[in-house]
Amino acid sequence: MQLKDRLLRKATLIAAGNKTIRNLIERSQISLDFPAHIFIEPTNICNLKCRMCPQAEPSDVKRGLMDFNIFKKVIDESVTHGRRTSIFFHKDGEPLIHPQLFDMISYAVERKASYRTHLSTNAQLLDEEKAEKLLVSGIDSIIVNIDANEEDTYMLIKGKGGLSEVEKNVRNLIFQRNRSGKAKPMIRVKLILVDANQEEVEEFRKKWENIADEVVIGREFQWPGSKQGESASSDSQTRRYPCISLWLSMAVNWDGSVSLCCIDYYHKGIIGDVKKNTLESIWKSDDLKKLRKAHIMGEYGNSGICCKCQGLWVRDTLGIGSEKWLAKKMKKAGLWNE
């Protein structure tokens, strides 16, 4: 691996771990003309039922695979507005289930649709052939959700066995990448903390810290619209902050519908449809303007799925004083009606 590639990877990790740097970077990406980040959901079908995911709950949510023409429409419009900061090829399902996933990634990369492309997977389906196709596709970053260090724990959390196979798949992916001499994709392994894996965190970290590029220990949160989310206490609403997703990102579901954010599993925050609307018109819609203003004003009670969400708040992303900064930006753009 070349020195410049190693330095680039090191710089990326430093930026991710420094809050001040992250705040400055995120502020520079905020645009009221078009989202900096786009989540594209190849499918909401999943091969696991992880206990911390809505997939484990009974649901009447319709499932399917994104039509490639819908995907192309999203990418083709996006590039007319320049390059996105990031495109994420995942939302609620396992993206490797989609037979055209690698073509999707390659198309976006070839069109220079974004500076970074990301994929999240459970790696159950990541055999040698798919690993090779991922490397060829040009994907920049892959995060593998493993969530356990022991087979019994994995079975308990994921609803299905196969930890040893997943670990083999990840090691093979890293081996293939290293053998190719490429700096990308950056490969992270992740464990989301739940009751069942609390005692395995350190062993998980030790197992992977010298193999993967980064070990991520995440927190569990309540999905808007889920049973846990609906029963969540609203006592913290006076202490919460606006959600950064309203200014930073957009999520396109497998069927072309557009959600407020990437955690709208139940499609209760639909703000448009790319089969009928442009992404630009959705991003600049009156409904989204009103919701942004409501968040800045602290009026969460009437904000639909946002009401009890404990998600991506602006002070965590943009820093202290972010509400005033966003309001000033909206007023300057003529998007703040008194």
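Predicted model: local features only at pLDDT ≥ 70, side-chain atom pairs only at ≥ 80, totals over all residues.
Leaving aside residues up to four places away in sequence, Leu279 touches Phe34, Ile38, Val74, Glu77, Met250, Val252, Val258 and Val274. Leu279 also belongs to the largest nonpolar core, which counts 76 residues. Within that core, the members touching the most others are Phe71, Ile75, Phe89, Ile146, Val170 and Leu279 itself. A separate core of 11 residues lies apart from this one, with Val61, Ile263, Tyr265 and Tyr266 among its members.

Stepping back to the whole protein chain, there are 14 helices and nine strands. Of its 338 residues, 53% count as buried.

Helix H4, covering residues 101–110, gives a closer look at burial. Seven of its 10 residues are buried, so the helix is largely enclosed by the rest of the structure. The buried ones are Leu101, Phe102, Met104, Ile105, Ser106, Tyr107 and Ala108. What do these buried residues of H4 pack against? Their neighbours are helix H3 (68–79), strand S3 (114–121) and helix H5 (128–137). Just past the end of H4 comes Lys112, whose phi is positive, at about 55°.

Conventions: Residues numbered from 1 in each chain as written. Heavy atoms only, no water. Buried < 20%, exposed > 50% of the residue type's maximum accessible area, 1.4 Å probe, protein only. Helix = DSSP H or I, 4+ residues; strand = E, 2+ residues; numbered from the N terminus. Contact = heavy atoms within 4.5 Å. Core = buried A, V, L, I, M, F, W, Y, C linked by side-chain atoms within 4.5 Å.
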